[in-house]
Amino acid sequence: LYLRSLSERQIPVHVKLRDGETVMGWIEYFDDRMIRLTREGKPNLFIYKNQIRTITENARDTRRRLRRNDTAERVAEDGR
């Protein structure tokens with residue numbers, strides 16, 4: 001359910017891999033064995049879940065995205 005929520009809301013995440021590397025993006029797709037991490041300006045990644053140590057939300061990007069969406073909604077409502 002958590003991965004579905006992250007995917008549907010396109011929440012930016014940090015994915016820490018077992019080898020210590022951290023990659024950032026948002027989860028576009030997932031299934032029982034892997035996730036697809038979409039990244040801006042970089043190739044998308046297919047990562048096997050058994051290679052993932054942790055997935056955490058990037059709070060700063062999430063707040064920025066929420067502010068941007070809120071501003072866009074207000075502009076649309078005002079007709080500007």
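This is a predicted model: local features need pLDDT of at least 70, side-chain atom pairs count only at pLDDT 80 or more; totals for chains, interfaces and linings use all residues.
Let's start with the overall layout. The protein chain has two helices and five strands, and from the N terminus on these elements come in the order α-β-β-β-β-β-α. Of the chain's 80 residues, 28% count as buried. As for contacts in the chain with a separation of 6 or more, 40% of them are made by residues 24 or more positions apart.

Next comes the sheet. The five strands line up as an open sheet in the order β4-β3-β2-β1-β5, and the pairing is antiparallel. At the edges sit β4 (45-48) and β5, each of which pairs on one side only. As background, strands of a sheet pair through backbone hydrogen bonds, and they can do so in a parallel or an antiparallel way.

Strand β1 is a handy place to look at the pairing up close. On one side, β1 and β2 are antiparallel partners held by five bridges. Within that pair, Pro-12 stands opposite Trp-26 of β2. The hairpin made by β1 and β2 has four residues between the strands, and there Gly-20 takes a positive phi near 100°. With β5, too, β1 pairs in the antiparallel sense, over five bridges.

Now for the inside. The largest nonpolar core has twelve residues, namely Leu-3, Leu-6, Ile-11, Val-13, Val-15, Leu-17, Val-23, Ile-27, Ile-35, Leu-37, Ile-47 and Ile-52. Four elements each supply at least two residues of this core: α1 (2-9), β1 (12-17), β2 (22-30) and β3 (34-38). The largest share, three residues, comes from β1. One of the core residues, Val-23, shows what its surroundings look like: beyond residues up to four places away in sequence, Val-23 touches Val-13, His-14, Val-15, Leu-37, Arg-39, Leu-45 and Ile-47.

Asn-58 is found in the loop between β5 (52-57) and α2 (59-78). With a relative accessible area of 12%, Asn-58 falls under the 20% cut-off and so counts as buried. The side chain of Asn-58 also has a partner, as a polar contact of 3.1 Å joins it to the side chain of His-14. Setting aside neighbours within four places in sequence, Asn-58 is in contact with Pro-12, Val-13, His-14 and Met-24. Ser-7, for its part, lies in helix α1. The relative accessibility of Ser-7 is 14%, so Ser-7 counts as buried too. Leaving out neighbours within four places, Ser-7 is in contact with a run of residues: Trp-26, Ile-27, Glu-28, Tyr-29 and Phe-30.

What about charged partners? A search of the whole structure turns up one salt bridge. The side chains of Arg-36 and Glu-28 form this pair, with 3.6 Å from N to O. Both ends count as partly exposed: Arg-36 has 22% relative accessibility, while Glu-28 has 36%.

Gln-10 is located in the loop that links α1 and β1. The phi of Gln-10 is near 50°, which is a positive value in a residue other than glycine. Gln-10 has a relative accessible area of 32%, so Gln-10 is partly exposed.

Notes
Residues are numbered from 1 along each chain as its sequence is written. Side-chain values use heavy atoms; hydrogens and water are left out. A nonpolar core is a set of buried Ala, Val, Leu, Ile, Met, Phe, Trp, Tyr and Cys residues joined through side-chain atoms within 4.5 Å. Buried means under 20% relative accessible area, exposed over 50%, partly exposed in between (1.4 Å probe, protein chains only). Contact means heavy atoms within 4.5 Å. A polar contact is a pair of N or O atoms within 3.5 Å; within protein, one must be able to donate a hydrogen and the other to accept it, and residues adjacent in sequence count only if both atoms are side-chain atoms. Two strands pair if DSSP finds at least two bridges between them. A salt bridge is a side-chain nitrogen of Lys or Arg within 4 Å of a carboxyl oxygen of Asp or Glu.
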